[in-house]
Amino acid sequence: MNIPQDLKYTKDHEWVRVEGEVATIGITDFAQGELGDIVFVEVETEGETLDKEETFGSVEAVKTVSDLFMPISGEITEFNEEVESNPEIVNEDPYGKGWMVKVKISDTSELDDLLDAEAYQELVG
Amino acid sequence: MKKLVLDQVHQDLGGKMVDFAGYNMPVQYEGLNAEHLHVRSKVGVFDVSHMGEFFVSGEGALDFLQKTTSNDVAKLSPGKIQYSCMPNDKGGIVDDLLVYCLGENDYLLVVNASNIDKDFAWLDQHRPNTVTLDNQSEAWSLFAVQGPRAVQALQSLTDINLAEMTYYTFERGAFAGAEEVIVSATGYTGAGGFEIYVKNEDAAAVWKAIFEAGAAEDIRPIGLGARDTLRLEKGFCLYGNDIDDTTSPLEAGLGWITKFNKDFINSENLKKQKEEGISRRLNGFMMLDRGIPRHGYRILNAEGEEIGVVTSGTQSPSLGKAIGLGYIAKGYNAEGTEIFIEVRNKQLKAVVTKPPFVK
């Protein structure tokens with residue numbers, strides 16, 4: 001299973017890439033594998049400022065649906081249009097083309113609560 | 001949790017294993033959509049050995065099955081199969097099943113894995129002493145070879161003329177070196193094909209032989225996930241989702257297997273229900289707005305009033321559209337009726353559509 005070293009993770013199987021004040025968020029390789037074929041990703045919170053652990057969207061797969069939770073507090077500045085038109089790229093490239101939203105980080109100290117690659121690896125076994 | 005004879009084989013094939021009806025079952029291998037489309041276009045194999053097999057024999061076996069199942073068992077002759085259900089005495093369904101006529105007063109019942117214990121207890125309770133009820137579920141494996149290329153994939157393994165077998169018939173004989181095999185022209189996919197019943201001791205060899213013989217047809221293993229989407233595209237009921245101990249066979253659209261020319265458990269009440277009319281019916285529907293219906297979601301009318309509940313739903317891999325089944329109140333059952341599905345606090349538009357969704 002692919003768990004890149006340079007990313008942060010949540011127990012809800014999301015990943016976070018931090019670049020300055022901006023965090024890019026997606027779901028992990030483990031998550032896409034568990035969900036199976038993804039049919040669409042719904043994010044209707046663009047422009048909203050949400051708290052950590054609030055729902056910012058959902059992922060519908062053939063078999064099941066899963067909420068997307070904010071790993072950190074911040075403003076959703078962008079939703080990946082590619083994911084909206086070609087949801088299968090989340091299955092194919094969860095850490096790359098399959099990213100979901102960009103967030104302007106409200107409080108960088110929250111980043112310390114996220115898991116590193118090793119801790120996430122332990123979580124998913 | 002119980003294991004299939006081929007548990008390790010599935011894991012070696014990359015099968016993702018999940019608990020289903022107490023069995024560790026492969027839910028998918030390469031991916032649900034790819035597996036689904038492969039069965040529709042070519043041929044695939046499902047290991048559905050979790051299904052239950054009961055042998056019913058002895059004097060009075062026919063009468064016993066006439067009483068406990070809703071379809072007319074007297075219509076069967078050796079080699080013929082019938083889809084049926086076992087009504088309970090409270091208006092619902094104990095299970096749906098296949099009835100195989102092996103000979104005079106000699107039958108095989110194939111029941112859902114999740115209901116094996118319940119079905120056995122129910123049948124045993126109504127069984128006369130002259131009838132033997134033998135639960136052989138643990139002794140048999142079952143491979144469903146489904147898809148338009150099934151005949152070509154399997155013919156080299158048997159002398160039975162597969163192309164000549166008609167739907168809902170079976171043959172007993174040698175298959176892939178195994179002596180005691182039941183080859184049944186049935187399935188749960190609507191894609192054509194066969195269900196192969198083999199003794200557990202022959203399961204590994206027969207599975208291997210099927211893949212060798214079918215290699216030229218690109219035969220592939222298929223998981224339970226695709227089995228569910230394939231059956232839903234055809235509008236086939238799934239026990240525990242669309243039918244259960246509380247749903248009437250008439251409400252479920254199973255009137256065609258509920259025969260009132262004979263007496264069976266609860267037939268008087270069901271007959272009355274038929275005469276008086278049902279207040280809800282299992283309907284198919286197709287989503288118009290983007291969203292996927294799931295079991296338990298509410299069905300609403302344009303005014304937002306609850307008129308029913310979703311029992312099955314998925315994104316149809318063949319159509320690229322979301323489809324579902326659900327019980328809908330009288331008055332909203334006609335094809336083309338606009339309904340709304342409450343998907344995660346949103347009311348999404350859908351339209352009543354008569355299955356099969358995929359012809």
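Modeller: B:Phe46 stands opposite B:Ala144 in β10(B). The model is a predicted one, in which local features need pLDDT of at least 70 and side-chain atom pairs pLDDT 80 or more, while totals for chains, interfaces and linings use all residues. Residues are numbered from 1 along each chain as written, chains are lettered from A and ligands numbered from 1 in written order, and side-chain values use heavy atoms, without hydrogens and water.

Biologist: What makes β4 and β10 of chain B a pair?

Modeller: Strands (E, at least two residues) and helices (H or I, at least four) are DSSP runs numbered from the N terminus, and two strands pair if DSSP finds at least two bridges between them. Strand β4(B) (44–47) and strand β10(B) (140–146) have four bridges, in the antiparallel sense, and therefore meet the definition of a pair.

Biologist: Which strands of chain B does the open sheet hold, and in what order?

Modeller: The order is β11-β12-β13-β10-β4-β14 in chain B, six strands with mixed pairing.

Biologist: Why are β11 and β14 of chain B called edge strands?

Modeller: Each of the two pairs on one side only. Helix α6(B) (200–213) packs on this sheet and touches β4, β10, β11, β12, β13 and β14 of chain B; contact means heavy atoms within 4.5 Å. The direction of α6(B) makes about 20° with that of β10(B), on a scale from 0 to 180 degrees between N-to-C directions of axes fitted to C-alpha atoms, for helices over the stretch in contact.

Biologist: What joins β11(B) to β12(B)?

Modeller: Five bridges join β11(B) (170–175) to β12(B) (178–184), and the two run antiparallel. B:Phe170 stands opposite B:Ser184 in β12(B). The two strands form a hairpin with two residues between them, and B:Ala176 in the turn has a positive phi of about 50°.

Biologist: How many residues of chain A and chain B are in contact?

Modeller: In chain A there are 18, in contact with 18 of chain B. About 1,400 Å² is buried between the chains, 42% of it on carbon and sulfur atoms; buried area is the accessible area (1.4 Å probe) lost on being put together, summed over both parts.

Notes
Buried area is the accessible area (1.4 Å probe) that two parts lose on being put together, summed over both.
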